[in-house]
Amino acid sequence: MARINENYLKLPESYLFTEIARRVKKFQAENPAAEIIRLGIGDVTQPLPKVCTDAMTAAVAEMSRAETFHGYGPEQGYSFLREKIAEWNYTRRGISVTADEIFISDGSKCDCGNIQEIFSADSKIAIADPVYPVYLDTNVMAGRTGTLRDGRFEGVTYLPCTAENNFSPAPPDTHVDLIYLCSPNNPTGTTLDKAALERWVAFAKANDAVILYDAAYAAYITEENIPRSIYEIAGARDVAIEFRSFSKTAGFTGTRCGYVVIPENLCGTTSTGDKVPLKNLWIRRQTTKFNGTAYIVQRGAAAIYSDEGQAQIHALIDYYMTNARIIREGLSAAGFKTYGGINAPYIWLKTPEGISSWEFFDKLLREYKIVGTPGAGFGPCGEGYLRLTAFGSRENTLKAMERLA
Ligand SMILES: *Cc1c(COP(=O)(O)O)cnc(C)c1O
């Protein structure tokens, strides 16, 4: 009999969104006439920008002729896309990142989940709490944690993000090797400012640690003084890997394209203390386990890097961020305390005194027919909160706020 990887059994049975779907389905079955508004799942709803679909249509035509057909592409991604990313997202903003340091993938979830493979199995990890569950779960699967006890995995340094610290986690007073940060954060919708990131870079340097920085929502930042990239911080190139995605930036959740930045000189060490560039390990991993993102998709992604492309993605982002404002204002008017929603499409809502995340989820569903996401599903510090997303249609967002008023 083939023995299984028992680390998988450490993970809780029911995935957050499966449980939400189960409860919504049951409610709908019991109340067939109820018109439910879904502000729960973090998926976009608006169509792809026209520049992207035009570029993909042209790429499909290329694929239909032998002279312009593309087979396997370069594992690191086509240089036409990597050059554009380097120029528009980094060089133009005065940030030093080159096309050689960018690795295209079929989405950021894979990159955030796979990156841990290039680090030692006994690496100590620190993870923001609450946060996107992929970082923690992939480390559990890899055996870097003990078992789940009272909502926390043993051996993990949780970095509490609470109202008291403005959801900006402080470096721990213990040594860790890998630090997962997400800014703008999913689910709290809050950001790490320059001073906070400087503290993290200093901590990473002092601890020979690597920061794994998820900037999937960078394009949603509206406030000028909030860093879009961790490389805006002096010294970050020596300690940080950055993840980005076209999913939320350009509506690519179903089209699939993301990338990771690994600076040329960023190194890890061997057990004997030799330095090894992390970039080399990632290239080795990707060339073995990944065969590239579709040419058609990379053409579609590259199309956002033109004046017209930027105008179209900003219109898309504005649409969602107007929803975010409607939700923030609607909730405030209804007497709720909210966070986020200014630099991210997520609004983090404090549940009324004494009501848990799941109780509030049920109340919102039963009384207002609105689906949110219980904060507790993103980590123990998410208890007492609920996440609403701005990714719905304008009509549904307005309707949901009318119900709450
Ligand atoms: C949506 C999201 C991603 C991107 O996922 P893709 O696989 O690129 O669709 C990454 N990180 C966070 C925090 C997200 O919410």
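Predicted model: local features only at pLDDT ≥ 70, side-chain atom pairs only at ≥ 80, totals over all residues.
The account begins with an open sheet of 7 strands, whose order is β2-β10-β9-β8-β7-β3-β6 and whose pairing is mixed. Its edges are formed by β2, residues 102-105, and β6, residues 156-160, each of which pairs on one side only. Averaged over the sheet and with direction ignored, neighbouring strands are turned by 20 degrees against each other. In general, the strands of a sheet pair through backbone hydrogen bonds, and the pairing may be parallel or antiparallel. Within this sheet, β9 (residues 240-245) and β10 (residues 258-261) run antiparallel and are joined by 4 bridges.

A second open sheet has 4 strands in the order β13-β14-β17-β16, with antiparallel pairing. Here the edge strands are β13 (338-340) and β16 (373-374), and each of them pairs on one side only. The pairing of β13 with β14, residues 346-350, is antiparallel and extends over 3 bridges. In this pair, Gly340 stands opposite Ile347 of β14. Helix α11, residues 357-368, packs on the sheet and touches β14, β16 and β17 (385-389). The direction of α11 makes about 50 degrees with that of β17.

The ligand is the next subject. It is surrounded by 14 residues, of which the closest are Ser108, Asp214, Tyr217, Ser247 and Lys248. This shell divides into 5 nonpolar, 5 polar and 4 charged residues. Two helices, α4 (108-114) and α7 (246-250), each supply at least two residues of the shell. For Ser245, an oxygen atom of the ligand is found 2.7 Å from a side-chain N or O atom. For Arg256, an oxygen atom of the ligand is likewise 2.7 Å from an N or O atom in the side chain. Taken alone, the ligand exposes 390 Å², and the protein buries 94% of that area.

Strand β8 comprises residues 210-214, and Asp214 is among the residues closest to the ligand. Strand β9 comprises residues 240-245, and Ser245 is the residue whose side chain has an N or O atom 2.7 Å from a ligand oxygen.

As a general rule, most peptide bonds are trans, and most residues other than glycine have a negative phi. The peptide bond from Asp129 to Pro130 is cis, with omega near 5 degrees. Pro130 lies in the loop that connects β3 (125-129) with α5 (134-141). A cis peptide bond also leads from Asn186 to Pro187, with omega near 25 degrees. Pro187 is placed in the loop between β7 (178-182) and α6 (194-207). Asp208 is a residue other than glycine with a positive phi, near 50 degrees. Asp208 belongs to the loop between α6 and β8.

Key: Residues numbered from 1 in each chain as written. Heavy atoms only, no water. Pairing = 2+ DSSP bridges. Contact = heavy atoms within 4.5 Å. Axes fitted to C-alpha atoms, helices over the stretch in contact; angles between N-to-C directions. Near = heavy atom within 4 Å. Polar contact = N/O pair within 3.5 Å; in protein donor to acceptor, adjacent residues only side chain to side chain. Areas by Shrake-Rupley, 256 points an atom, 1.4 Å probe, with all protein chains shown as cover. Nonpolar A, V, L, I, M, F, W, Y, C, P; charged D, E, K, R; others polar.
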